[in-house]
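Here is a friendly walk through one structure, a piece at a time. Have the picture open as you read.

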Amino acid sequence: MRHFAIVGSGPAGFYTAEALAKAYGDQARIDIIDKLPVPYGLIRFGVAPDHQSIKKVSMRYDKVAEQETVRFVGNVAIGDAVSVDELRELYDAVVMATGAPNDRKLGIPGEDLPGVMGSAAFVGWYNGHPDFADLDPSFDTSDAVVIGAGNVALDVARILSKTRSEFEGADIVAHALEALMGSDITDIHILARRGPHQIAMTPKELGELGHLDACAPEVDPQDFPPADADEALEDRGLAKSVGILRDYAQDGAAKAKTIHFDFFARPVRIEGDGKAERVIVERTHIDETGRARGTGDMYEVPAGLVVSCIGYSSPQIEGIPYDHRGGKYLNENGRIDEGLYAVGWARRGPSGTIGTNRPDGYEVAGEIEAAMPPGTGGDKAGGAGLDDLLEERDVHATDFADWRKIEAAEEAAARDGAPREKFISTEEMLALLGHK
């Protein structure tokens, strides 16, 4: 019997478990371990609450978790409750699927001022992540700045601009919804270092901004190259996105709120008297290598709230070599060391979509299968050994049945189209399950 541990219960972790379960059948036992009492990682805490269709992918993960050879082990923090070295003693292979939950720093003066936060924190706050329950962003400002040129920046801008009725059917947590509905924000500025041809925004997400009830997107026509330059774009999705931006530049619709696209804009510092009040921005140009270079031309954008959406990094954990530049674990084709692997963002860095993790998970599972072919034996203690260790340390692990209880309680709290009430704190979840 082989025993495998997967650290992280997001998409990368579940796709890897699915692949290992298919490869080994009843010849292996697979534990999916997470520091939170509930599974699904990015699906639960990262996907925008008004994008419920994307969250339906968790139905596939349900089927994985319900297999007899797969087990969810929640409320177990690796590096705290159990070390990586201890896991390696217990399991034939350990796969790090932690994702990249930490915000990258802007690296500019003023980023530590109150009112400035990363997207992992802000998105986690409105999605009910226990680590960010006390974030308490202030919306008593007319202007917000969102830094970044990807879909996360669009998510943040869209959430800041929606009306209450537009959140019907979403699973945004109630305290976040009430705070947003009391917001004074009327102008949201998206700052992008480069131009429309260099964005990482996809057409679907970009197109949603044109259908908001009380908010209109605004793009400066001067930020575009000549229209025939679009024909040279090889990525058809990007070409479609640029077309949508061109439409916004010509629309000129006026609504109560505006999302302003500031291209060729690099934030250089954030200023304010004890809190964020403005972002100082340098205009840029694209050099021959495609990089944004400062022009020395400065201007300021008012901002009582600043959300940085410039990327993420995996957590540093003792016992795992780290690539500081890439924000991921040092690995070669997913292999960190003998019996130790990385998958998903922990392997590649924060890039790709949820679906990108499926081939990635299968590839790493294939590496494990090649190193430990089905039918070969192992003498590791596996999950039984982990259970003994957790009992010794008085750690109350949760399983998939516990998750179903939490899920049912959350669904029961939603009434008449109201946002689904997520349990915010780990203590709340454990109390529901009878643990103190």
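## Starting in the strands

Let's begin with a pair of facing residues: A216 sits opposite T258 of strand β10. Keep in mind that this is a predicted model. The pairing between β9 and β10 is parallel and runs over five bridges.

How many of the residues of β10 are buried? Six of its six residues are, so to speak, tucked away: the strand is mostly covered. K257, I259 and F261 point one way from the strand, while T258, H260 and D262 point the other way, and all are buried.

## A closer look at C215

Now step over to C215, which belongs to strand β9, residues 215-219. Is C215 buried or exposed? C215 counts as buried because its relative accessibility is 1%, and the cut-off for buried is under 20%.

Which residues does C215 touch, once its neighbours within four places in sequence are set aside? The list is S161, L209, K255, K257, T258 and I259.

For a sense of distance, take C215 and A170. They are 45 residues apart in sequence, and their C-alpha atoms are 19 Å apart in space.

## The open sheet

Elsewhere you'll find an open sheet of three strands, in the order β11-β12-β13, with antiparallel pairing. The edges are β11 (265-271) and β13 (292-302), each of which pairs on one side only. On average, neighbouring strands in this sheet are turned by 25° against each other, ignoring direction.

Zoom in on one of those pairings: β11 and strand β12 (residues 278-286) pair in the antiparallel sense, over six bridges.

On to the helices. Two packed helices are described by the angle between their axes and the distance between the axes.

Helix α1 (residues 11-24) and helix α12 (residues 357-371) have axes that come within 8 Å and cross at roughly 45°. The two are therefore oblique to each other, and α1 passes α12 in a right-handed crossing. On the α1 side the contact includes P11, Y15, L20 and Y24, and on the α12 side it includes R358, Y362, A365 and I368. Sorted by class, the residues of this contact divide into 10 nonpolar, three polar and four charged.

## Helices α6 and α7

The other helix pair is α6 (residues 119-126) with α7 (residues 151-161). They pack at an angle of about 45°, and their axes are 11 Å apart. That makes α6 oblique to α7. Which hand does the crossing have? α6 passes α7 in a left-handed crossing.

Who meets whom here? From α6 come S119, F122, V123 and Y126, and they meet V152, D155, V156, I159 and L160 of α7. By class, that contact has seven nonpolar residues, one polar and one charged.

Key. Residues numbered from 1 in each chain as written. Predicted model: local features only at pLDDT ≥ 70, side-chain atom pairs only at ≥ 80, totals over all residues. Heavy atoms only, no water. Helix = DSSP H or I, 4+ residues; strand = E, 2+ residues; numbered from the N terminus. Buried < 20%, exposed > 50% of the residue type's maximum accessible area, 1.4 Å probe, protein only. Contact = heavy atoms within 4.5 Å. Pairing = 2+ DSSP bridges. Axes fitted to C-alpha atoms, helices over the stretch in contact; angles between N-to-C directions. Parallel < 35°, antiparallel > 145°, perpendicular 65-115°, else oblique. Left-handed = near helix turned anticlockwise from the far one by under 90°. Nonpolar A, V, L, I, M, F, W, Y, C, P; charged D, E, K, R; others polar.
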